[in-house]
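Trainee: Would you please take a close look at the aromatic rings of this model and explain how they are arranged?

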Amino acid sequence: MQISTNLVAAPSRVRQTTFVALAVCLAAIVAACVIVVAGLTTSFATAPFSPRVQDGHIPEGATVSLDDDHLPAIGKLDPALLSAMREAATDAAGSGLDFPVASGWRSAQYQDWMLRIAVETYGSEDVARQFVATPEESSHVTGKAVDIGSVDAQSWLSQHGADYGLCQVYANEPWHYERLIDPGDVCPQMVPDASSAREG
């Protein structure tokens with residue numbers, strides 16, 4: 001008696017076809033996952049930047065204290081600048097003044113965002129650069145600049161800042177101070193704006 005080989009061969013072909021079908025389905029699922037992940041990555045990469053506290057952001061119209069070390073805007077300032085500012089603020093407090101900080105350290109991404117907003121506002125990068133430096137040129141990104149949010153404190157610093165090594169850098173920004181000299185020395189001449197070449 002002879003046994004038909006058709007009965008043996010059929011299940012083998014079914015298994016082979018099933019494995020091929022499963023492999024195709026698995027490949028399709030993997031491809032779909034790759035497309036979804038790539039899409040999410042692209043959308044995150046192109047999402048508009050919004051400055052956060054971690055970037056040194058201080059909300060518009062708000063100010064913080066030089067003692068708010070828990071905030072990156074203050075905590076990431078250059079220690080020599082922060083020390084000089086605190087000493088000046090302590091002495092100015094005797095005249096009833098405080099030194100509210102409108103801006104301190106900023107991340108490079110935040111600085112770049114500010115420059116792009118300024119370009120949109122002024123319609124020209126040349127004009128925008130008079131008010132906002134590039135991340136590569138900004139002293140805020142290195143933690144070596146503080147913007148003081150009180151006109152009275154700005155006026156006090158313009159008269160007494162050099163005693164602490166603090167100087168106004170830009171003629172068009174009376175709020176922007178950096179520690180540029182040894183206490184008691186003479187501050188360098190101010191440059192017109194942030195787009196101007198600085199001494200040294």
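Mentor: Rings of Phe, Tyr and Trp (for Trp, its six-membered ring) are said to pair if their centres lie within 6.5 Å; planes under 30 degrees apart count as stacked, those over 60 as edge-to-face, and the rest as tilted. This is a predicted model, in which local features need pLDDT of at least 70 and side-chain atom pairs count only at pLDDT 80 or more, while totals for chains, interfaces and linings use all residues. Residues are numbered from 1 along each chain as its sequence is written, and side-chain values use heavy atoms, with hydrogens and water left out.

One aromatic cluster is formed by Phe49, Tyr110 and Trp113. The structure holds five aromatic pairs. Among them, Tyr110 and Trp113 make a tilted pair, with 6.0 Å from centre to centre and 40° between the planes. Both residues belong to helix 4 (residues 108-122), where Tyr110 and Trp113 are three residues apart, about one turn of the helix; helices here are DSSP runs of H or I with at least four residues, numbered from the N terminus. Tyr110 is buried, at a relative accessible area of 7%, whereas Trp113 is partly exposed, at 22%. Buried means under 20% relative accessible area, exposed over 50%, and partly exposed in between, using a 1.4 Å probe and protein chains only.

Trp156 and Tyr164 also form a tilted pair, 5.9 Å centre to centre with 35° between the planes. Trp156 is buried, with a relative accessible area of 11%, and Tyr164 is buried as well, with 10%.

Terms used: Helix = DSSP H or I, 4+ residues; strand = E, 2+ residues; numbered from the N terminus.
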